[in-house]
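Visitor: Please show me the model. I would like to ask about its parts one by one.

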Amino acid sequence: MKETRSTCPYCGVGCGVIIQSEGDRITGVRGDPAHPANFGRLCTKGSTLHLTAAPEVTRQVRLLHPMRRERRGAAPQRVSWDAALDFAAESFHQIVFEHGPDAVGFYISGQLLTEDYYVFNKLAKGLLATNNIDTNSRLCMSSAVAGYKMTLGADAPPTCYDDVDHADCIFIVGSNAAYAHPVLFRRVEEAKARRPQAKIIVCDPRRTDTAELADLYLPILPGTDVMLFHGLLHIMLWEGWTRPDYIAAHTSGFDALKALVRECTPELVAQTCGLAREDLFTAARWFATSPATLSLYCQGLNQSTSGTAKNAALINLHLATAQIGRPGAGPFSLTGQPNAMGGREVGGLANLLSAHRDLADPAHRAEIAAFWGVPSVPELPGKTAVEMFQAAADGEIKALWIACTNPAQSMPDQKTVRRALERAELVVVQEAFATTATCDYADLLLPASTWGEKEGTVTNSERRISRVRAAVTAPGEARHDWAIAVDFARRLEGRRNGPSLFPYETPEAIWLEHRESTRGRDLDITGLDYTGLEQAPQQWPFPQSASTGRARLYEDGVFPTPDGRARFAAVGYRPPAEPRESRYPFALLTGRLRDQWHGMSRTGTLGRLFGHVPEPAVQMHPQDLERLRLAEGDLVHVTSKRGSLVLPVQASSEIGLSQAFIAMHWGAEFLTGLSSTGEPLAGVNAITTSAYCPTSKQPELKHAAVKILKA
Ligand code: SF4
């Protein structure tokens, strides 16, 4: 038996795993006791990974050969890799020749490795000269990115997992960490057990398993977080709980924020947020006066039309109370996907460039053009996720390359997404799993390797880079994501003079180029190499002169802004894009289940992972069921302006009045319905809104107005 150290491919905790294998069969998995993210622990999903890689499962669900569909609706036929990539390159070349580079788009994934991401980003922005490359991280972390940059000056969580052990107050907001980040949550539970005097505040519209740990639970009305944060600052100012010395020495813009929050009285905030006035005072006191306060937050803040404002308003509280840059203190955004952070590091979003450079900055564009050896990087911002599919639905984008993600299930307003996939002249889907809804729309299917088969790196929530390693070879003709992108790029380069921009033969060669692009930047990793990372995963920055990564940022009170000061953000409160109203009187909330991951392409292959929640349901408050004369198990139509789904109803004491909850994972096999114009729909995001945050462009997957009627 062979043992291979690698990383779990699910959530942003980034747990280390040891894969056991015999020949080309993965036989077991256990937590890596030496990995600082989990010290040997795994959750239900991580500890069953080996079962999802069993040959019996692989045979049923994996894409094993390149396939091409001669025409839409026809069954895909097996083709050779050369035929598939020649066809892709010729089609892209023709579309770019006829319509320009912005007629193509790449939609990739926070589950790709950093090396995969790097090649795709260079392929789009460097070779094809389009910034139309975005990722499902847009649906996950873009508000956190924008919030950090707006206030602290860089996309860098300033904290680390160890801070959980040092915090005297932990403020968990917009995160059901017990389900979404289970191993980290276990650490919070242990910290609380060791130091019962430490305060836990949980703020969430639903009384989730996470809330069970709370000393103070704040059942906030959906979407009102900015008002809450401003209200807490109002109280802190009134009570003298802020830190004027820190504000004067290390920040700017406080006067404008102070003027803004003057109106956010405890009475107004209590009414807007549906919270008790005395709870606001308790929360403000614990947050401000505890020796060290750590905030943990996730999609409840990010997936919102106020996503950036919510992130920034929470960071305001940390700056105003000097709860940052010390052990146990700081705003800690939890990454949803395993490598949303690594993707940002290489600039894998429509508005970013390598090593945290900004596309909007001409100097940054020039630096990257010189680094890549291309004449220029285009100035025109690329289309972000929602914009990209809208542009394809409108006929503006004619070729879509989709890698390692399933937009036909995961994007909001799927009617538009499906129209985009149908209208595009060419849809290439690069995937490990043949079972995703998006595969049905592909003209070309390219089989990719996946966990246990591929090599590279990922970065977790605490900026820690870990090695991902192969224990077995990929099945069938599946190839690594970076290698597919390189082969395609070299074909496109055919007529170009000079050496290839894509000379890589190994993922390490790509990583070394990425590493060099970080030299002198906030995430400088020039002191790291693959060998060192295999021995010990490290946090960035880790420049050449360093002997260890940096656990915490901004300990000296100097921030990566032009004047070195953090910036308070005077951002106003706005309600959700689609408030409840008489025709749609329920607020539909979405979220994770404990034992499933995203669209279930991997977790859905294991019966045992359905033991916790076996089928979809819409959860409602028992009083709402009674008022609508519904009984537990009755089938209901859950209808938004975009369409309707049919599913059983379930009474839940977790949920507030006039709210409903549906888990995000269920796809076409489990949860179907009809659009407002009669087309088939599947999954909860078929009826969520594609309205997005104007700054981060992250859609409001967490809130839609719906009506619920007996089927
Ligand atoms: Fe994997 Fe996240 Fe579970 Fe760790 S907590 S084992 S990274 S799913």
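This is a predicted model: local features need pLDDT of at least 70, side-chain atom pairs count only at pLDDT 80 or more; totals for chains, interfaces and linings use all residues.

Guide: Residues are numbered from 1 along each chain as its sequence is written.

Visitor: Which residues does the domain assignment give to domain 2?

Guide: Domain bounds come from an automatic or database domain assignment. That assignment gives domain 1 (2-60), domain 3 (142-333) and domain 4 (586-710). Domain 2 is written as two segments: 67-140 + 356-506.

Visitor: Which helix supplies the largest share of the side of domain 3 that touches domain 4?

Guide: The centres of domain 3 and domain 4, taken over C-alpha atoms, are 28 Å apart. Contact (C-beta atoms, placed from the backbone, within 7 Å) links 23 residues of domain 3 with 24 residues of domain 4. On the domain 3 side, α6 (142-151), α8 (177-180), α15 (299-302) and α16 (307-320) each supply at least two residues; helices are DSSP runs of H or I, at least four residues, numbered from the N terminus. The largest share, four residues, comes from α6.

Visitor: Which domains each give at least three residues to the shell around the ligand?

Guide: The ligand is surrounded by 14 residues, where near means a C-beta atom, placed from the backbone, within 6 Å. The closest are Cys8, Tyr10, Cys15, Cys43 and Gly46. Helices α1 (44-47) and α9 (182-194) each supply at least two residues of this shell. At least three come from each of domain 1 and domain 3.

Visitor: How is α10 oriented to α12: roughly parallel or roughly perpendicular?

Guide: The axes (lines fitted to C-alpha atoms over the stretch in contact, with angles from 0 to 180 degrees between N-to-C directions) of α10 (residues 225-239) and α12 (residues 254-261) come within 9 Å and cross at roughly 100°. Angles under 35 degrees count as roughly parallel, over 145 as roughly antiparallel, 65 to 115 as roughly perpendicular and the rest as oblique. So α10 to α12 is roughly perpendicular.

Visitor: Is Asp82 buried or exposed?

Guide: Asp82 lies in helix α4 (residues 81-99). Buried takes 20 or more other C-beta atoms within 10 Å, exposed 12 or fewer, and partly exposed is in between, with C-beta atoms placed from the backbone. Asp82 has 11 C-beta neighbours inside 10 Å, so Asp82 counts as exposed.

Technical notes: Two residues are in contact if their C-beta atoms, placed from the backbone, lie within 7 Å.
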